[in-house]
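Here is a briefing on the pockets of one protein model.

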Amino acid sequence: MKEKATLDNTVCKKNLRSAFIMLNLSRLQLLHELSVLGTISAVARSLNLTRPAVSQQLSLLEKEVGLVLFERSGRGVRWTSAGERLLAGIGGILQAVNEVEADLARTAQTVTGDLRIAAFGSAAATIIPQAITQLAKQHPSLEIFFNEMEPGDGLKATATKQVDIAIVDDLTGTENFALQLDFQPLYIDPFKAVVSVDHRLAGTGRRTVELWELAQEKWALNQSAIGYQTFIVNACHAEGYTPQIMSSCRNIAATLEFVRTGSFVTVLPGLATHNILLDPDFRCLDLRPVTQRRLFSAFAKGSKARPAISAALEAFEHACSLFIDNR
């Protein structure tokens with residue numbers, strides 16, 4: 001039995017080595033996207049293809065390899081050992097392709113082409129407009145497209161090359177993308193408590209508040225942003241209480257209207273409070289203990305040398321520097 005397993009494993013390795021020579025890149029990319037998105041339906045939506053078309057291409061891939069790469073399991077898939085081996089090799093191939101594309105792009109005299117950017121709400125309202133303004137001035141031949149995405153969706157979109165670069169945070173796990181993406185530190189964003197100017201905590205000119213002081217307050221919190229909501233609730237648990245979330249809105253503007261009444265409080269990332277500081281109806285208070293998140297730029301491995309990506313990284317860093325003094 002052991003000898004048969006060893007023989008099967010040897011055959012598997014041999015077939016996979018041959019596969020990398022004869023398989024076309026588009027089918028390998030499809031398999032890679034399936035590993036990131038989890039379902040054939042999600043891959044089809046991502047690429048604007050029909051589900052049968054994706055299934056057919058993946059079936060052809062298995063036929064060419066001569067091995068079963070995955071099995072359907074509920075709504076997702078379960079990878080076979082052959083599938084896992086092929087995926088491990090695909091990562092290196094896609095990185096090499098990205099490096100070749102970046103090298104070719106460097107031969108151009110100007111930064112040109114398309115650049116697709118993704119970022120979550122508070123970064124979209126602060127960092128991104130500043131960065132795009134700089135990019136437009138310095139590289140007028142560059143066409144920039146932006147999509148607002150929560151960090152988890154931004155990671156998936158970058159890993160599947162639906163976007164070129166995304167701003168994400170450390171409230172969302174990145175472990176599953178370590179083989180596909182590189183991450184560059186961008187910004188440290190401390191959270192702040194936001195209350196109305198008439199709230200008891202806004203008096204006496206205080207600039208800080210202890211997180212435990214919010215234990216008896218009614219909270220307005222965006223529970224649709226799972227990473228953010230989980231992080232805040234866990235921080236409250238560490239202080240010995242569970243926040244009384246009495247209002248759950250899907251955007252900051254609506255959340256702030258509840259706070260404006262004076263009956264609710266909220267906790268927001270510092271970037272999200274940038275414009276609130278100019279509104280006389282609110283007070284933003286630094287939290288104690290210090291509670292913060294870290295922002296990163298995420299991009300496909302091998303793509304950093306691409307001029308458009310390098311320009312975007314520089315623009316992001318410059319934009320962040322404009323907000324540091326206001327933290």
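By class, 18 nonpolar, 13 polar and 8 charged residues make up the lining of the largest pocket. Here Ala, Val, Leu, Ile, Met, Phe, Trp, Tyr, Cys and Pro count as nonpolar, Asp, Glu, Lys and Arg as charged, and the others, Gly among them, as polar. The model is predicted: local features need pLDDT of at least 70, side-chain atom pairs count only at pLDDT 80 or more, and totals for chains, interfaces and linings use all residues. Residues are numbered from 1 along each chain as its sequence is written, and side-chain values use heavy atoms, with hydrogens and water left out.

**Largest pocket**
- The largest pocket holds about 690 Å³ of space.
- Its lining has 39 residues, and Gly 121, Ser 122, Asn 222, Ile 252 and Ala 272 are the closest to its centre.
- A pocket is an open set of points on a 1 Å grid over the protein atoms alone, where a 1.4 Å probe fits, with protein on both sides within 12 Å along at least five of seven lines; lining residues have an atom within 4 Å of a point.
- Grid points are joined across faces, edges and corners, and a volume is the space filled by probe spheres set on the points.
- At least two lining residues each come from α6 (121-124), α8 (151-159), α9 (226-238), α10 (252-260) and β10 (264-269).
- α10 gives the most, with 6 residues.
- Helices (H or I, at least four residues) and strands (E, at least two) are DSSP runs, numbered from the N terminus.

**Second largest pocket**
- The second largest pocket holds about 330 Å³ of space.
- Its lining has 13 residues; Ser 35, Leu 87, Asn 176, Leu 179 and Gln 180 lie nearest its centre.
- α2 (25-37) and α5 (81-105) are the elements that give two or more residues to this lining.
- α5 gives the most, with 5 residues.
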